[in-house]
Amino acid sequence: MKKILDLLVALGHRFMDFVRYTGGLTILLGQTIFWIPMPPFRRRQIFEQMSRIGVDSLPIVSLISLFTGMVLALQSAYQMQKFSAEMYIASLVAFSMTRELGPVLTALIVAGRVGASITAEVGTMKVTEQIDALETLATNPIKYLVVPRFLALMIMLPLLTLYADMIGVIGGYIIGVYKLGISHAMYMQNTWHPLKYKDLFTGLVKSYFFAIIICIVACYEGMTAEGGAEGVGRSTTSSVVVSFILIIACDCFFTALFYFVMR
Amino acid sequence: MIEIINLCKSFNGHVVLDNLNLAINTGETTVIIGRSGCGKSVLLKNIIGILKPDSGQVLVNGKDVAKMDEKELNVLRLKFGMLFQGAALFDSLNVRENVAFNMLEHMNSSPVEIDKAVKESLALVGLKAIEDKKPAELSGGMRKRVGLARAICIRPQIILYDEPTTGVDPIMGDAINDLIIELHNKLKITSIAVTHDMTSAYKIANRIAMLYNGKIITVGTPDEIKNTKDPIVRQFITGAGKGPITEGIDFEHLIRG
């Protein structure tokens, strides 16, 4: 009996932690949106963050998208050659990249690269009392720290996603044209022709939501970090893990939604 | 005038401040002494409104800090300066941007005015020609002095010092004490310092208050505190290992290892 009770208590604690965490994220998101239209607008900081989040992520996004496009083409060639349907490889790569892999892979890369660095930076500021110092200097930490990162991510993640889509298609092209011998004209036609705005659009909608997830989780973890360097390390890990889980869950939700709504 | 009335604050069921009462007179330097972790910093953070009390009031010039909205709080905070234990300088900004943070954020000051204010504040704390350095390039003592320069840059009426001499060598510690006295004399400000460094407390204080078990157990001038009969205060100021504060605590395991 006591064991069952202990189990229930532990489950209750877990549940309360979960509720507290989701509540914390929601409140932070609400406050961030509230502070966006309030002056001063820190243009310089937003551009700085855009450069750190977007421009600095270009090499890794290029590399991973290119290889993903190539692997997609090769793997599908393995199957399609059996039916002599190699020419559809182009459409398959284009669809998979724009609808799914472009947004998700980019979001995962950015969550790992940028999300972790935001948590580490904000977390260090928290444990060294810099966030308290901001408040004593009459400056709202959410306005000063979260809003510029939020706006920068909202602008840069969709752009990075578009870029990843393009590089992925180029990866597929390299394999399709130079390895599998599909003609240039055929490959391009099979890439562009079946692709609709809808496909790009669904990918971009996802990436907006991924941007929100990455920023809010990273900042929340940073602002609640405690316990010195070790605490910042723990928060950084959990920031990346939670972002990954939420990105995949959110992706699954939107894919299902678009599948049923926008067929 | 700052009045703290029946202030209570606890964290996760652990009571830190328990019906604390204290009045701080304008123009005086009040030092709050107490053991590490007894809630001295929590008290300071309640005064400036970073933490909200569970119950009780902090009145600054008759107004309750906890009941102020964001705007009022910001107006109030511009009258305060705070020196943090680790200085809490912003790593991403250089010394000039740190010291002039308030001016850059809240005032339409011209670059010339800002430059002048930064130079003056840094001169007051005995520093010069480090405006373009980042906090990471400074030593601990210098960081603390830059933190102080930031706190006094827009000439606040009240300065809160959180352990001003902790983490710096004794000579630098004494220099900081002199600085606090000088600022107090020159700028006529109200100062509240929390510390467990008794040398510093005796030197800078007009009045000393001791925080113990969440309450202020005694308030007096440095001389009164030095000659106190209260066994708890006596043990603290003499730094004795045995006494009422440590009653029931066995330190022998520390010796045995």
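Predicted model: local features only at pLDDT ≥ 70, side-chain atom pairs only at ≥ 80, totals over all residues.

Analyst: Residues are numbered from 1 along each chain as its sequence is written, while chains are lettered from A and ligands numbered from 1 in the order in which they are written.

User: How many helices and strands does chain B have?
Analyst: Helices (H or I, at least four residues) and strands (E, at least two) are DSSP runs, numbered from the N terminus. On that basis, chain B has 10 strands and 11 helices.

User: Is chain B as compact as a globular protein of its length, or what does the radius of gyration say?
Analyst: The radius is taken over C-alpha atoms, and the globule rule is 2.2 Å times the number of residues to the power 0.38. For 257 residues the rule gives 18 Å, and chain B comes close to that, so it is as compact as a globular protein of that length. Its radius of gyration is 19 Å.

User: In what order do the strands of the open sheet in chain B run?
Analyst: Two strands pair if DSSP finds at least two bridges between them. The sheet has 6 strands with mixed pairing. Its edge strands, β6 and β10 (215-220) of chain B, each pair on one side only. The order is β6-β7-β8-β3-β9-β10.

User: Which residue is the bridge partner of B:I33 in β8(B)?
Analyst: Strand β3 (residues 29-33) of chain B runs parallel to strand β8 (residues 190-195) of chain B, and 5 bridges join them. The partner of B:I33 in β8(B) is B:T195.

User: At what angle does helix α1 of chain B run to β8(B)?
Analyst: Axes are lines fitted to C-alpha atoms, for helices over the stretch in contact, and angles run from 0 to 180 degrees between N-to-C directions. Contact means that the C-beta atoms of two residues, placed from the backbone, lie within 7 Å. Helix α1 (residues 40-47) lies across β3, β7 (158-162), β8 and β9 (207-212) of chain B. Its angle to β8(B) is about 155°.

User: Which element gives the largest share of the side of chain B that touches chain A?
Analyst: The contact takes 10 residues from chain A and 16 residues from chain B. On the chain B side, α2 (70-77), β6 (80-83) and α4 (101-106) give two or more residues. The largest share, 4 residues, comes from α4(B).

User: B:N61 has a positive phi although it is not a glycine; is B:N61 buried or exposed?
Analyst: Its phi is about 50°. B:N61 lies in the loop between β4 (55-60) and β5 (63-64) of chain B. A residue is buried if 20 or more other C-beta atoms, placed from the backbone, lie within 10 Å of its own, exposed if 12 or fewer, and partly exposed in between. With 12 C-beta neighbours inside 10 Å, B:N61 counts as exposed.

User: Is B:E163 buried or exposed?
Analyst: B:E163 is not a glycine, yet has a positive phi of about 50°. B:E163 sits in the loop between β7 and α7 (170-187) of chain B. Because B:E163 has 22 C-beta neighbours inside 10 Å, it counts as buried.

User: Which peptide bond is cis, with omega near 0°?
Analyst: A:P40 is in the loop between α1 (2-35) and α2 (43-53) of chain A. The cis bond runs from A:P39 to A:P40.
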